[in-house]
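Hi there,

Here is the structure I promised to pass on to you. Have a look at it first, and then read on for what turned up.

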Amino acid sequence: NVATDDFIVRSITKPGVEVHGYQPTPSDLIKASSATIFIENGFGFELWSEKFVSNLKIKRINISDDLDPIFIGEDLYQGKPNPHAWISPKRGIIYVDIIVEALSEFEPSKRKFFEKNGTIYKEKIEEIDKDFSLFINNLDKNKRYLVSCEGAFSYLTSDYGLKEVYLWPVNAESQITPKRMARTISIVKNKEIPTVFCESTVSNESQMVVVKETGANFGGNLYVDSLSNDNGPASSYLEMLTHNLNLIKKGLY
């Protein structure tokens with residue numbers, strides 16, 4: 001959307017794939033060997049990227065270099081930045097600015113072109129932001145809880161005044177403990193939270209235990225680490241935001 005036809009844009013990871021532990025293939029290396037720019041989220045999201053680009057002569061753009069992190073406060077991840085900043089539309093707007101600046105530095109003669117494209121794209125994100133902000137502002141403060149499987153929504157909850165509850169921190173599905181499960185069930189019951197969610201790249205089995213024990217509704221799967229395929233509900237960033245926020249609105253209304 002920022003580069004339009006000025007760059008050929010390709011993703012190393014595929015739709016529906018868990019990005020954290022992705023293992024690049026030989027064809028990925030071949031694809032990247034002819035690239036001029038490699039853009040990554042950072043904050044430890046792409047655990048494989050350091051080795052992947054180590055032998056490539058390529059300009060590397062790390063989005064997180066220009067983002068303020070929200071730190072994880074639990075267990076092995078204590079003090080590490082939560083990487084999922086793009087989940088919040090407000091942060092997504094910042095991503096666009098960072099990409100515009102990076103491409104403009106790489107190709108200075110096209111700065112106005114990239115800035116114009118970025119403005120058009122940011123306006124679309126801003127519409128999504130305004131709609132969700134209005135919903136939250138009209139939602140009873142006692143209902144402003146987002147319960148998910150993974151603690152991937154910290155930026156969204158922070159930016160829109162929600163309280164985040166989750167079964168495990170970032171990329172730690174195997175670390176569900178009886179204590180975490182009991183805590184989540186207790187909060188959902190005590191706060192009478194109507195709906196809980198999970199994510200598209202993990203099993204919702206554990207969250208269904210919460211549903212069974214509390215009587216809450218299961219609101220569906222949110223897209224976090226990956227887009228859907230072209231036929232799915234989240235085949236682009238804008239569609240992902242719209243899908244996620246519409247599910248949350250429906251579940252909390």
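**Strand β5 and its surroundings**

In strand β6, L222 is the bridge partner of E199. Please keep in mind as you look around that this is a predicted model. The bridge belongs to a pairing between β5 (residues 195-199) and β6 (residues 217-222), which run in the parallel sense and share four bridges. To get from β5 to β6, the chain passes through helix α7 (residues 205-214), and this β-α-β crossover is right-handed.

How many residues of β5 are buried? Five of the five are, so the strand is largely enclosed by the rest of the structure.

**The disulfide**

In case the term is new, a disulfide is a covalent bond between the sulfur atoms of two cysteines. The count for the model comes to one disulfide. It links distant parts of the chain, since C149 sits in strand β3 (residues 145-150) and C198 in strand β5, 49 residues apart. Is the disulfide left-handed or right-handed? The torsion about the S-S bond is about -115 degrees, so it is left-handed. Both C149 and C198 are buried.

**Two residues of helix α5**

Now turn to helix α5 (residues 154-160), where you will find T157. Its relative accessible area is 5%; buried means under 20%, so T157 counts as buried. Leaving aside neighbours within four places in sequence, T157 is in contact with L146, L162, K163 and E164.

S154 is in helix α5 too. With a relative accessibility of 13%, S154 is also counted as buried. Which residues does S154 touch, not counting those up to four places away in sequence? They are I70, N82 and E164. With N82 there is a polar contact as well, made between the two side chains at 3.3 Å.

Enjoy exploring, and write back with any questions!

Best wishes

Key
Residues are numbered from 1 along each chain as its sequence is written. This is a predicted model: local features need pLDDT of at least 70, side-chain atom pairs count only at pLDDT 80 or more; totals for chains, interfaces and linings use all residues. Side-chain values use heavy atoms; hydrogens and water are left out. Buried means under 20% relative accessible area, exposed over 50%, partly exposed in between (1.4 Å probe, protein chains only). Contact means heavy atoms within 4.5 Å. Two strands pair if DSSP finds at least two bridges between them. A crossover is right-handed if, with the strands pointing away from the viewer, the path from the first strand over the helix to the second runs clockwise. A disulfide is a pair of cysteine sulfur atoms within 2.5 Å. A polar contact is a pair of N or O atoms within 3.5 Å; within protein, one must be able to donate a hydrogen and the other to accept it, and residues adjacent in sequence count only if both atoms are side-chain atoms.
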